[in-house]
Each structure stands twice: as structure tokens, then as C-alpha cells.
Amino acid sequence: MSRQIKLIWDFRGPASAKTAEHHEIHLKEYIAIEKLPITITGFEIQNEMYAIAFIVVTDEHMIQLRDALKPHRGELYL
């Protein structure tokens with residue numbers, strides 16, 4: 001089984017929650033346009049000044065998506 005990797009975009013400031021929520025919409029659009037077999041996306045509000053948007057990919061798609069979408073960081077998804 002391939003490893004799953006969570007690609008993460010960090011957003012800071014008072015509008016971070018709305019920005020992360022909106023960024024997830026663009027991630028879903030990209031998945032649909034590219035016809036990728038990816039089903040896990042989301043956004044999380046950490047506090048009033050920090051939120052993240054993310055997409056979970058497998059090893060085989062990680063390089064392509066990293067280069068195209070330029071996430072801020074990544075971590076193993078368990």
C-alpha cells in the first residue's frame with residue numbers, strides 16, 4: 001500500500017478561516033479538472049488567526065501535485 005501524504009497550505013490573520021475554506025474549493029476544482037483519484041481534502045481552523053487547507057495524496061501523485069500546487073509543507077497522513 002502506498003503512503004498517504006497530507007499536503008498543507010498555511011493561512012494566517014483574521015481572514016485565515018475564510019481563506020482556507022476557499023482554498024479547499026480550488027483544490028477540489030483541480031482534482032476534478034485533472035481527473036485525479038483523490039477523495040480527501042479539507043480545511044481546519046486552528047485558532048482565530050491560523051487555519052490550514054489540505055489535500056491527501058499517495059506517493060505516486062505527490063511530486064506532480066507538489067510541483068503544480070506549491071503547498072507550504074507536507075506530512076505523513078495516518
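These legends describe close-up views of a predicted model.

Residues are numbered from 1 along each chain as its sequence is written, and side-chain values use heavy atoms, with hydrogens and water left out. Because the model is predicted, local features need pLDDT of at least 70 and side-chain atom pairs count only at pLDDT 80 or more, while totals for chains, interfaces and linings use all residues.

**View 1. The span of helix 1, residues 16-34.** Helices (H or I, at least four residues) and strands (E, at least two) are DSSP runs, numbered from the N terminus. Lysine 35, which follows helix 1, has a positive phi, near 55°.

**View 2. The buried and exposed residues of helix 1.** Ser16, Ala20, Glu24, Leu27, Tyr30 and Ile31 are buried, where buried means under 20% relative accessible area, exposed over 50% and partly exposed in between (1.4 Å probe, protein chains only).

**View 3. Strand 3 and its partners.** Strand 3 runs antiparallel to strand 1, joined by 9 bridges, and antiparallel to strand 2, joined by 6 bridges; two strands pair if DSSP finds at least two bridges between them. Phenylalanine 54 in strand 3 is the bridge partner of isoleucine 8, and tyrosine 50 in strand 3 is that of asparagine 47.

Conventions
The expected span of a helix is 1.5 Å times one less than its number of residues.
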